[in-house]
Amino acid sequence: MAHSAHILFLPHPHNNHRAKILWPQSMVILMGILLMGRSIVTLVSSLNPGVLGYASQINPDKVIELTNNERLNAGLTILKTNDQLNQAALAKAADMFENNYWAHVSPTGVEPWYFITKSGYEYQHAGENLARDFSNPSDVVRAWMASPTHKQNLLDPRYKDIGIAVMDGYINGVETTLVVQEFGATQKTVARIASTSVVNTVYANESVSHPSGLSPMDLNKSWSLAFVVLILIALSLDWIFVLRYNIIRISGKTWAHLTYFIGLAAILLIIRQGFIL
Amino acid sequence: MKRPTGKIFDYLILTIIVSVAVILTLFFNGNKEFQKYIVIGLSSIYIVWGIYHHKKEHTFYPQIILEYGLFGLMGTLIVIGLL
């Protein structure tokens, strides 16, 4: 066992002074295992969306439920689903896809309030949260709660109604899932409160941690990172042994491979799952 | 005797290329299509760097090119799958 591990990870006369895991044959096997792992995650997430999140299955009702849970935790009243705000959210999402933008205000200057008014909802207060490229509702609400400006919208005691839209489409040629959350309070519900509209226009892209729940993105990321770490360990050991024992052999430059994989590890850590606005 | 400065210069170039790719990924975070191009570009340049460096060192063998090619492909597969 120890000998096999030695042959697999350390340069040795039995492996021609090159860790066997770095041999071309091993790299092909590793690529096969990598793709197989990803296929399993995809298969499980599509066959059993209850176990893993699935990009096209962000349930609007679940987003509302999680939003209301956050409000209850903060000691606030829950928001009621409003059909007109739902329509406004749908119209806003459709407009973003149609006019190819990702913003609260469209390139032609159309503000979120236009869609709310057009839906027939007579607001006294209104607000909007946006999210894109998330795979499950929990991550969306968690990302909003991690951003002070979005949290302020989510936990605003003045709001009484909520509307949600989840829509798939393309923005700048990139396949995207948009989540639009509209908040509102009519004149009836907040009588005698000064008329102001609240808009969340701060671009909030704080990194969001995912302390609980399994999503395909998280699993794939961990799986990919495990491969990079494995290769980095093998390359580091190889580099140390070659230097220590002054091994001369025909192979690529370990230092170059290390530089490349350190860069990939950094890229993997940088890539984010979704955005909020 | 080989001049070590040439070697150091090659590694410096590679480090700069990798760093630029990481910075670009950070700058274009959210633009997954562009990030794909960055990773494919980085892997391609890495393979070209390997060919250039080993030709320069007179250690250019098919097995070495295969090694760079497979490492490049592996790296691309690892990241592209997440984009």
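**View 1. Met31(A), a buried residue of helix α2 of chain A.** Met31(A) has a relative accessible area of 8% and therefore counts as buried (buried is under 20% relative accessible area, exposed over 50% and partly exposed in between, with a 1.4 Å probe and protein chains only). Its place is in helix α2 of chain A (helices are DSSP runs of H or I with at least four residues, strands are runs of E with at least two, and both are numbered from the N terminus). Leaving aside residues up to four places away in sequence, Met31(A) touches Leu70(B), Leu73(B), Met74(B) and Leu77(B); contact here means heavy atoms within 4.5 Å. Within chain A, Met31(A) and Phe227(A) are 196 residues apart in sequence, yet 9.3 Å separate their C-alpha atoms.

A word on the model: it is predicted, so local features need pLDDT of at least 70 and side-chain atom pairs count only at pLDDT 80 or more, while totals for chains, interfaces and linings use all residues. Residues are numbered from 1 along each chain as its sequence is written, chains are lettered from A and ligands numbered from 1 in the order in which they are written, and side-chain values use heavy atoms, with hydrogens and water left out.

**View 2. The interface of chain A and chain B.** Here 40 residues of chain A meet 42 residues of chain B in contact. About 3500 Å² is buried between the two chains, and carbon and sulfur atoms give 77% of that; buried area is the accessible area (1.4 Å probe) that two parts lose on being put together, summed over both.

**View 3. Glu57(B) and Lys253(A), partners in a salt bridge.** The closest N and O atoms of Glu57(B) and Lys253(A) are 2.8 Å apart.

**View 4. The side of chain A that touches chain B.** Helices α2 (24-47), α8 (216-245) and α9 (254-270) of chain A each supply at least two residues to this side. With 12 residues, α9(A) gives the most.

**View 5. Chain B, with its three helices and zero strands.** From the N terminus on, the elements run α-α-α. Of the 83 residues in chain B, 41% are buried. Among contacts in chain B with a separation of 6 or more, 60% come from residues 24 or more positions apart.

Note on methods:
A salt bridge is a side-chain nitrogen of Lys or Arg within 4 Å of a carboxyl oxygen of Asp or Glu.
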